[in-house]
Amino acid sequence: MSLWERFYTSFSENASETAFCIGNRYYSYSEFTRYTGGSQQLLLNYSGGATGLPVGVMCHDTVETFAAIFAIWFSGCHFVPLHPLHPVFVNQEKIRLAKLQIIMDSDPDANSTELKAECICTKNVTTTNSLFLISEQERAYILFTSGSTGKPKGVPISVKNLDAFTTGFLELYPDLTSSDRFLQTYDLTSDAAFTGYLIPLLLGATVFTIPAGSFKYLAIVKILQEHRITWTQFTPSVLNYLRPYFKSMRFDSLKHTHFGGEALPFELVAEWADCVPNAELSNIYGPTETTITCTILRTNIRQLKESVYNGIVSIGKPLKGVKILIIGETGQIVGDDKKGELCIGGSQVMEGYLSRTADDNKTFFMHEENGNREKYYRSGDLVIRDRKGYLHFCGRKDDQLKISGYRIEPAEIEWAVSQVTGGSKSKACGYRKTNGTVAIVVFTENQDSQPEILKDKLRSILPPALIPEKIISIRQFPLNSNGKVDLPGLIEEFSNQLYD
């Protein structure tokens, strides 16, 4: 049975069960199927029944958004998520790169004229039971990651990649059932969000979302308490925001507490353990190019100390079908207890970037083993594998940042600063705040503009996740002994401004 057939069957077999709770409104699988059928009819009217098309979706927290995604898949097309709050420039570039001609949007007041694509309004769609599978094309979706030139890189993921992920995930969690209640906390333009709705919808379980316009962290606590959630996935940054209130929290119904998107400090999650006495912990890892999640640690929180390296929780072992190599500094494959770059192969690795460029040659390589040649993805992440086979994250090989689940190229922020300042030199980097979360600081050379004015200008060309928390102007960049900008020295010199 194909992946889309599995979803179609789940929708049918669980028709009377609850599929979603969105904004305190419940939708049964039967009702969601009718929304999806209505969206499919709208799409077919615009596309003329053509398959293999990229179709954009403005990702609001609405049932129409989720219905549009499945309508696209069931119609033999592929899904391209767009963020309604991102600058027009950013969405325009994604539309151009993905060659989008159709965008589905549940906001009837949206002004789509600047996006140069046909907009289908799905708000108040006429629901219908005539949902059907047309054909299963090769591609499932295209996501965009941060790029060093200011332009996003398109990551196309195939249906086979996505099928391999869902199969591997469910094999690792055979105890998940239709009675589970999943809390989906991620932005729908992030691949981390897929786990929070694809897995439960395959099981016939219920997906709860964070109400639009609410304060995210308080809303999470309220939903956990009121709806007896059994499965969550957060970034460690979310947990840091909740940390001051741990003593007043207790979630007895929570059975699975997942983390990902950032390094997970042992000290933080050890405190969280008292809030979730009946839960186990999973720490996940996966670049977008390797389909959502490719390694997972699943463990009892109280046995977590055995899976910690330098205060950071292990990222576990590969899912079924995922292969790994660890490459040392001189290009050789290294064994256990040796640090090197994590390289990932197997059924979840994408074929190549949307615009085939030198990025493919830098990012992928072929490795032959036992007469078989396999493509591997260079993650840029440094790891050590212990003698039990568990992987431990040791930082980045380059200066890329991972903040709140987003992969951020400092060069993209520096490019944007040069655009809004007329060419000022700048350096962006991450720093760890006193509450343990990572934030972005930009140092600019000889720039007189006020930091808040610069931030406002940056908001016109950068997504919210890339807006620096601090902007500090200096007279001249100091250099280290290698002739490079001394960023650690700048962090230390301006610590009073960073940690005020």
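The crossing of helices α1 and α3 is left-handed; a crossing has this hand if the near helix is turned anticlockwise from the far one by less than a right angle, and is right-handed if clockwise. The model is predicted: local features need pLDDT of at least 70, side-chain atom pairs count only at pLDDT 80 or more, and totals for chains, interfaces and linings use all residues. Residues are numbered from 1 along each chain as its sequence is written, and side-chain values use heavy atoms, with hydrogens and water left out. Helices (H or I, at least four residues) and strands (E, at least two) are DSSP runs, numbered from the N terminus.

**Helix packing**

- Helix α1 (residues 3-13) packs against α3 at an angle of about 130°, and their axes lie 10 Å apart. Axes are lines fitted to C-alpha atoms, for helices over the stretch in contact, and angles run from 0 to 180 degrees between N-to-C directions.
- The angle makes α1 oblique to α3; angles under 35 degrees count as roughly parallel, over 145 as roughly antiparallel, 65 to 115 as roughly perpendicular and the rest as oblique.
- W4, F7, Y8 and F11 of α1 make the contact with F70, W73 and F74 of α3, where contact means heavy atoms within 4.5 Å.

**Nonpolar cores**

- The largest nonpolar core has 77 residues, of which F7, F70, W73, F79, Y141, Y197 and L201 touch the most other members. Such a core is a set of buried Ala, Val, Leu, Ile, Met, Phe, Trp, Tyr and Cys residues joined through side-chain atoms within 4.5 Å.
- Helix α3 (residues 63-74) supplies the largest share of this core, 9 residues.
- A second, separate core of 33 residues includes L239, F251, I301 and V313.
- Apart from its neighbours within four places in sequence, L201 is in contact with F7, S10, F11, A19, F20, Y29, F70 and V207.

**Burial and exposure**

- Helix α6 (residues 192-203) has 11 of its 12 residues buried, so it is largely enclosed by the rest of the structure. Buried means under 20% relative accessible area, exposed over 50%, and partly exposed in between (1.4 Å probe, protein chains only).
- Among the buried residues of α6 are F194, Y197 and L201.
- G204, which follows α6, has a positive phi near 85°.
- A212 lies in the loop between β10 (206-209) and α7 (216-226), and its 66% relative accessibility counts as exposed.
- The C-alpha atoms of A212 and I22 are separated by 9.0 Å, although these residues are 190 residues apart along the chain.

**Sheets**

- An open sheet of 9 strands has the order β2-β1-β10-β9-β11-β12-β13-β14-β17, with mixed pairing. Two strands pair if DSSP finds at least two bridges between them.
- Its edge strands, β2 (25-28) and β17 (317-318), each pair on one side only.
- Strands β11 (residues 231-234) and β12 (residues 256-259) pair in the parallel sense over 4 bridges, and H256 in β12 is the bridge partner of W231.
- Another open sheet has 3 strands in the order β25-β26-β27, again with mixed pairing.
- β25 (426-432) and β27 (470-474) are at the edges of that sheet with a single partner strand each, so one side of each is left without a neighbour in the sheet.
- β25 and β26 (residues 438-445) run antiparallel and are joined by 7 bridges; K427 stands opposite F443 in β26.
- Helix α11 (residues 410-421) packs on this sheet, touching β25 and β26, and its direction makes about 135° with that of β25.
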